[in-house]
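Please look at the structure below and follow the ligand first, then a pair of aromatic rings.

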Amino acid sequence: MSADRLRERLAARGRDWPGGIESFPVLDSTNEEVRARARAGTAAPWLAVIAERQTEGRGRRGRSWASPHGNLYVSLLAPMPTLPDARPLVPLIAGLAVAEALLEFGVEPRLKWPNDVLCGGRKLAGVSAEASFAGGEADAVVLGIGVNVRVNPLGDLATSVLELTGEGLDPLEVAAAVLIRLRDRHLELRAGGSALALHAWRARSIEWWGRAVEVTSGEQALRGIAVGVDEGGALILELPDGRRQTVVAGEARELRLGGR
Ligand code: BTN
């Protein structure tokens with residue numbers, strides 16, 4: 001079973017996983033599985049659900065996430081850090097952890113705010129982060145991670161580890177590296193390491209500071225110059241009238257010449 005093989009891989013790296021690991025040959029969506037368990041109150045902290053493929057993989061903003069066999073699809077129930085400063089950084093450290101894990105396999109990923117993992121401007125991995133509530137309080141975050149390990153499902157817009165390195169890795173090996181990085185970055189946040197995490201995130205971000213971007217947040221689309229990321233992980237935009245505005249969540253893209 002994949003869950004046992006994943007535990008073996010973690011053990012080979014000298015690590016244990018603090019929660020349950022469940023694996024499925026196919027699921028509609030690993031995110032949906034973890035969400036449903038959290039809603040039912042049957043998910044312990046750090047539950048990890050992994051599938052070999054998904055029939056209804058979901059990306060951010062309701063988009064679909066193509067999920068053929070050969071890539072990594074995992075969702076986790078990460079505890080919400082108690083330090084208020086650390087909470088908004090959870091989505092960022094998830095992307096950071098994925099990028100750092102992939103470095104191990106010979107690729108050089110960059111991060112696009114908030115947590116897209118790109119290589120050469122193409123999508124290599126996607127991360128979603130959604131608060132999970134218990135008794136009206138956000139006590140955990142459902143993190144969904146998809147890594148194009150062997151298959152690039154989107155052609156020119158995306159890439160895969162196989163395309164970049166010629167290596168056809170086992171998605172479970174990538175899973176082990178991702179889980180370990182994620183746990184370490186999460187422990188660091190919980191111990192008050194927000195500044196360290198942000199420093200690492202900024203160092204790995206794509207170099208688009210000073211460039212024109214459009215950020216879609218809810219129904220709103222804002223255009224401005226990307227200035228940086230503040231201590232809370234929010235994107236700082238300089239608007240056309242010179243005012244600065246921060247955006248806490250959304251989807252950003254660079255505007256090319258001609259404004260498109
Ligand atoms: C994005 O970039 O839009 C986020 C993509 C997140 C995809 C992963 S794959 C595992 C988990 N299950 C899902 O249905 N979505 C996430």
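In this predicted model, a polar side-chain atom belonging to Ser29 lies 2.8 Å from an oxygen atom of the ligand.

| Residue | Protein atom | Ligand atom | Distance |
|---|---|---|---|
| Ser29 | polar side-chain atom | oxygen | 2.8 Å |

The space that the ligand takes up is the largest pocket.

Around the ligand there are 19 residues, of which Ser29, Gln54, Arg58, Arg60 and Lys123 come nearest. By kind, the residues of this shell divide into five nonpolar, 10 polar and four charged. At least two residues of the shell are supplied by each of α2 (30-40), β3 (72-79), β6 (122-134) and β7 (137-147).

Turning to the aromatic rings, the count comes to two aromatic pairs. In one of them, the rings of Trp17 and Trp46 have centres 5.3 Å apart and planes at 80 degrees, and because planes over 60 degrees apart count as edge-to-face, the pair is described in that way. This pair links distant parts of the chain, since Trp17 sits in the loop between α1 (2-12) and β1 (21-27), whereas Trp46 sits in the loop between α2 and β2 (48-54), and the two are 29 residues apart.

How values were computed
Residues are numbered from 1 along each chain as its sequence is written. This is a predicted model: local features need pLDDT of at least 70, side-chain atom pairs count only at pLDDT 80 or more; totals for chains, interfaces and linings use all residues. Side-chain values use heavy atoms; hydrogens and water are left out. A residue is near a molecule or strand if one of its heavy atoms lies within 4 Å of it. A polar contact is a pair of N or O atoms within 3.5 Å; within protein, one must be able to donate a hydrogen and the other to accept it, and residues adjacent in sequence count only if both atoms are side-chain atoms. On a 1 Å grid over the protein atoms alone, a cavity is a set of points where a 1.4 Å probe fits but cannot get out, and a pocket is an open set with protein on both sides within 12 Å along at least five of seven lines; lining residues have an atom within 4 Å of a point. A molecule sits in a cavity or pocket if more than half of its atoms lie within 2 Å of its grid points. Helices (H or I, at least four residues) and strands (E, at least two) are DSSP runs, numbered from the N terminus. Ala, Val, Leu, Ile, Met, Phe, Trp, Tyr, Cys and Pro count as nonpolar, Asp, Glu, Lys and Arg as charged, and the others, Gly among them, as polar. Rings of Phe, Tyr and Trp (its six-membered ring) pair if their centres lie within 6.5 Å; planes under 30 degrees apart count as stacked, over 60 as edge-to-face and the rest as tilted.
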